[in-house]
Amino acid sequence: MSSELQRWVQEAQSTGTLQGLPEGHFIDGLAVASADGGTLDTLDPGTGRVFARFAAGQAADVDAAVLAANRALKGPWAGMAPAQRGRVLHRVAELIRANAARLAVVETLDSGKRLSEALGDVAGAANCFDYYAGACDKHQGDSLPLGPEYLAYTLNEPVGVTAHIIPWNYPLSTAARGIAPALAAGCTVVAKPAEQTPLTALMLADLCHQAGVPAGVCNVVTGTGRDAGAALVRHPGIHHITFTGSVNTGIDVMRAAAPNITRLVLELGGKSPLLVLADADLDLAVDNVMGAIFENAGQICSAGSRLLVARCVHEQLVARVVARAQALSLGHGLRDTGMGPLNSHAHLHKVAGYVERARARGVAVRTGGCVRADPQTGLGWFYEPTVLDGLAPSDEAVQEEIFGPVLCVQVFDDLGEAVALANGTPFGLVAGIFTRDLSAAHRLARDIDAGQVYLNEYFAGGISVPFGGNKRSGFGREKGLEALRSYSKSKSVVARL
Ligand code: NAI
Ligand code: MG
């Protein structure tokens, strides 16, 4: 651990918080209180205690941010040469790296996640800004061959003011992966982080400003979904919405966007299958299953929450996963033990409810299934790593997103059945396939309905790989060059010579 990281961790552990955390919205280049002065508390899931206070945004604050973002559309950001915009975004990446230790400690305090995961998220956010910095001056249009009597070409124009609704499981990463391509495309931004985890998006907006992103180009309004989020997505002054969160809220957001015909990208839930075929490397499969469901305590839209396993290796694989799950120690994210807490008390009880109901239905709970506290302090919102075995395709635990450290195991006898099980939920976000048989792997990749398929490494890829869902997992793609298209309007120009 670097000495700087140690310093922030020590301050957080001894005082329960950090000095100098952001308190206001970030609007038009300034930290500002809510118009009505309202505030909310944010809690540390590792202790369940309040550690910071932030502005409770309402429609008036959203109005101010959307106004600033519209003014900024006509300002220097839009007029800047794309390569120059790229240089500014590279500076954002450098500032994220320079502030990585503090950002990671704040992320851990606010979300509960383990410090090493938070450091990974911060590094990923910096990479994201570098990637889109480099893309600014390569986001080119086409010339269209209509013959010698015409000149025809397309222009990529920024869509305008983009709204970003950010969830609590990856507060900084999700903010970065929306804001960086929006800025690269020449758009302006109003982001609304989750009320459970408002701090790192505010810090990111401040770093963007320090890097030279002009005032009004990147704004953050904090507050609840009901007050700030709903006011933002129904605002006629925004031109695009990127929403990441639950299916039900996604439906509300889509409805709110309809009257204004606001474009949107929806990145919703998942119930993603991780398939292990009979010939798979089981050591590799076990490692990947563990990461797929217990990283971030399972609070990942693309978690591998269903293990689909060939009958002949089922018992062997599940026994090994159970043993590894039992060896994971729980603890506050700053101590970076095996698994951190769930993000909120309400969410903990939602997760526990799924397992309680499964147990009552007679489902085999192979390990876990209990609410816990941090063994050092007796505090916090922890849940044991849990494995539910032998689930029927229609089981509630198979069909619904639990969003916690609960692995649901299903068994298949042949590849046809594997595909049917994999596709047998309302979701279509990702799928993982573990096999040494290339032909089987690519047949499954073809037949499974998902936005991305990982072969022999779950979560493989990075910022350059497009990401998004099918079915009730949403539509539109983030990351990669596809995200730049999401934040651009194509204009065709055709001239008769
Ligand atoms: P949510 O979808 O309600 O919250 C996500 C974001 O939307 C937050 O910033 C929230 O303030 C905002 N929001 C809420 N209502 C809104 C509205 N009417 N208009 C605009 N913005 C609004 O999700 P919640 O309640 O935090 O979690 C519920 C479940 O959602 C979880 O148990 C999990 O299954 C799923 N979820 C999925 C995520 C993903 O990565 N796809 C992320 C977070 C939650
Ligand atoms: Mg919090």
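Two strands are said to pair if DSSP finds at least two bridges between them, and strands of a sheet pair through backbone hydrogen bonds, either parallel or antiparallel. With that in mind, this predicted model can be read through one of its sheets, in which Val309 has Val411 of β17 as its bridge partner, and through the surroundings of ligand 1 and of a magnesium ion, ligand 2.

**The sheet**

- Seven strands form an open sheet in the order β13-β16-β17-β12-β11-β19-β20, and the pairing within this sheet is mixed.
- The edges are held by β13 (364–367) and β20 (452–455), each of which has a single partner strand, so one side of each is left without a neighbour in the sheet.
- On average, and with direction ignored, neighbouring strands of this sheet are turned by 25 degrees against each other.
- Strand β12, made of residues 306–310, pairs with strand β17, made of residues 406–412, in the parallel sense over five bridges.
- Helix α15 (residues 415–422) lies across β11 (273–276), β12 and β17, and runs at about 145 degrees to β17.

**Ligand 1**

- Ligand 1 is surrounded by 27 residues, of which the closest are Trp168, Lys192, Glu195, Lys350 and Glu401.
- An oxygen atom of ligand 1 is 3.4 Å from an N or O atom in the side chain of Asn169, whereas for Gly225 a backbone N or O atom lies 3.2 Å from an oxygen atom of the ligand.
- A nitrogen atom of ligand 1 has a backbone N or O atom of Ala230 at 3.5 Å.
- On its own, ligand 1 has 820 Å² of accessible area, and the protein covers 85% of this.

**The magnesium ion**

- The magnesium ion (ligand 2) is coordinated at 2.2 to 2.6 Å by Thr42 (OG1), Leu43 (O), Asp110 (O), Asp110 (OD) and Gln196 (O).
- Along the chain, these donors follow the spacing T-L-x66-D-x85-Q.
- Distant parts of the chain are linked here, since Leu43 belongs to strand β3 (residues 39–44) and Gln196 to the loop between β7 (188–192) and α8 (199–211), 153 residues apart.

Technical notes: Residues numbered from 1 in each chain as written. Chains lettered and ligands numbered in written order. Predicted model: local features only at pLDDT ≥ 70, side-chain atom pairs only at ≥ 80, totals over all residues. Heavy atoms only, no water. Helix = DSSP H or I, 4+ residues; strand = E, 2+ residues; numbered from the N terminus. Axes fitted to C-alpha atoms, helices over the stretch in contact; angles between N-to-C directions. Contact = heavy atoms within 4.5 Å. Near = heavy atom within 4 Å. Polar contact = N/O pair within 3.5 Å; in protein donor to acceptor, adjacent residues only side chain to side chain. Areas by Shrake-Rupley, 256 points an atom, 1.4 Å probe, with all protein chains shown as cover. Donors = N, O, S within 2.8 Å, 3.2 Å for Na, K, Ca; no water.
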